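Hello,

Here is the structure I promised to pass on to you. Please open it alongside this message, and I will walk you through what turned up.

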Amino acid sequence: MPLAQPAPEPVGDPQHARAALGRLRAEVGKVVVGQDAVVSGMVIALLARGHVLLEGVPGVAKTLLVRTVAAALDLDTKRVQFTPDLMPGDVTGSLIFDARTAEFEFREGPVFTNLLLADEINRTPPKTQASLLEVMEERQVSVEGRARPLPDPFLVAATQNPIEYEGTYPLPEAQLDRFLLKLTVPLPTREEELGVLRAHHQGFDPRRLHDAGVRAVATAADLAAARAAVQQVAVADGVLAYVVDLCRATRRSPSLELGASPRGATALLAAAKAWAWLTGREYVTPDDVKALARPTLRHRVRLRAEAELEGVTADAVLDSVLATVPTPR
């Protein structure tokens with residue numbers, strides 16, 4: 001599939017774009033069973049021009065999710081398996097000497113795609129992890145003083161295994177802060193798992209999505225029109241203050257040594273606007289902010305050591321913050 005190249009965003013019909021993204025969520029749900037919240041999170045990240053950190057045990061369809069979203073949007077996707085010996089140039093690309101022309105030419109790395117799956121990102125050393133910082137923030141690769149823009153849309157979906165930490169390199173806070181959302185991918189229920197087994201028994205092959213009936217139901221143009229519409233979503237001053245108060249409350253929590261930064265507040269606002277528009281409203285409510293607070297902030301806060309020993313989790317702290325900060329009427 002050809003890459004969607006950078007282009008001015010057309011102002012399309014917002015209703016048509018919303019319907020197209022609704023079809024996208026339904027199309028992905030045909031294959032990725034029982035992960036509606038995670039699928040919605042991926043769509044929110046695409047609307048808000050953000051990136052997603054997926055955390056879940058092996059075998060819960062994280063890779064399949066990214067591939068199916070790309071197929072349903074008719075976008076290009078690439079996968080990088082992060083390993084201890086992976087070099088920055090293996091991710092971003094590098095200059096190669098061409099003996100025929102006696103010149104160096106740039107060979108693009110896998111980041112030159114629309115949806116990049118960074119599998120087990122915490123298994124590669126910090127130097128290679130850092131190579132993604134410019135890619136995620138600036139959406140470009142700089143080599144020898146020349147900036148090379150990435151295709152648009154562009155999203156990094158990075159995965160982490162939450163149970164196996166031997167030989168891993170935890171992501172620094174500066175890089176975690178670049179992810180709009182951290183989505184936990186749960187195990188399916190018994191009925192959902194039975195559905196997965198029935199599909200495989202009937203011949204479903206996750207490597208052949210077209211044969212499984214997955215088709216493109218939305219396009220990059222639909223996504224561009226949706227992004228333009230999200231920018232027009234109204235936010236009352238009271239809701240803006242609520243976002244700020246929630247983030248400031250994390251900085252005062254006795255269980256946290258690091259609270260959410262101002263970038264966390266802007267991320268929460270962007271995610272809430274995308275969710276409000278996706279659900280059919282042209283304005284943000286406090287409930288939109290509450291719904292996105294955990295996935296937007298859970299990776300931007302750091303627990304104190306004594307709180308971790310007591311079994312406190314980031315989500316529990318955020319639940320406490322949501323319960324104590326007054327909700328605007």
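A word on terms before we start: a residue is called buried when its relative accessible area is under 20%, exposed when that value is over 50%, and partly exposed in between. Please also keep in mind that this is a predicted model.

With that cut-off in hand, have a look at helix α11. This helix has twelve residues and reaches 16 Å from its first C-alpha to its last, close to the 16 Å expected at 1.5 Å a residue. Its buried residues are Pro286, Asp288, Val289, Leu292, Ala293, Pro295, Thr296 and Leu297. What covers them? Among the elements that do so are α2 (36–47), β9, α9 (237–252), α10 and α13 (314–324).

Is Arg300 buried or exposed? Its relative accessible area is 6%, so Arg300 counts as buried. A polar atom of the Arg300 side chain lies 2.7 Å from the backbone oxygen of Phe179. Leaving aside neighbours within four places in sequence, the residues in contact with Arg300 include Asp177, Leu180, Leu258, Arg263 and Ala267.

Next, the charged pairs. Side chains of opposite charge can pair when their charged atoms come close. How many salt bridges does a search of the whole structure find? The total is 17. Here are some to look up:

- Glu282 and Arg18 form a salt bridge, with their closest N and O atoms 2.9 Å apart. Glu282 lies in the loop between α10 (262–278) and α11, while Arg18 is in helix α1 (residues 14–31), so the pair ties together parts that are 264 residues apart in sequence. Glu282 is partly exposed, at 39% relative accessible area, whereas Arg18 is buried, at 12%.
- Lys182 and Glu55 form another salt bridge, the closest N and O atoms being 3.4 Å apart. This pair also links distant parts of the chain: Lys182 is in strand β9 (residues 181–184) and Glu55 in strand β1 (residues 52–55), 127 residues apart. Both Lys182 and Glu55 are buried.
- Arg123 forms a salt bridge with Glu120, and their closest N and O atoms are 3.1 Å apart. Arg123 counts as buried at 14% relative accessibility, and Glu120 is partly exposed at 22%.
- Arg49, Asp152 and Arg227 are linked in a network of salt bridges.

Now for the strands. Strands of a sheet pair through backbone hydrogen bonds, either parallel or antiparallel. You will find an open sheet of five strands in the order β2-β5-β8-β1-β9, with parallel pairing. Which strands stand at the edges? They are β2 (77–81) and β9, each with a single partner strand, so one side of each is left without a neighbour in the sheet. From one strand to the next, the twist averages 20 degrees. Within this sheet, β1 and strand β8 (residues 155–160) pair in the parallel sense over four bridges, and the bridge partner of Val52 in β8 is Ala157.

Antiparallel pairing can be seen as well: strand β3 (residues 93–98) and strand β4 (residues 103–108) are joined in that sense over six bridges. One of the bridge pairs there is Asp98 with Glu103 of β4. β3 and β4 form a hairpin with four residues between them, and in the turn Ala102 has a positive phi of about 60 degrees.

Terms used: Residues numbered from 1 in each chain as written. Predicted model: local features only at pLDDT ≥ 70, side-chain atom pairs only at ≥ 80, totals over all residues. Heavy atoms only, no water. Buried < 20%, exposed > 50% of the residue type's maximum accessible area, 1.4 Å probe, protein only. Polar contact = N/O pair within 3.5 Å; in protein donor to acceptor, adjacent residues only side chain to side chain. Contact = heavy atoms within 4.5 Å. Salt bridge = Lys/Arg side-chain N within 4 Å of Asp/Glu carboxyl O. Helix = DSSP H or I, 4+ residues; strand = E, 2+ residues; numbered from the N terminus. Expected span 1.5 Å × (residues − 1). Pairing = 2+ DSSP bridges. Axes fitted to C-alpha atoms, helices over the stretch in contact; angles between N-to-C directions.
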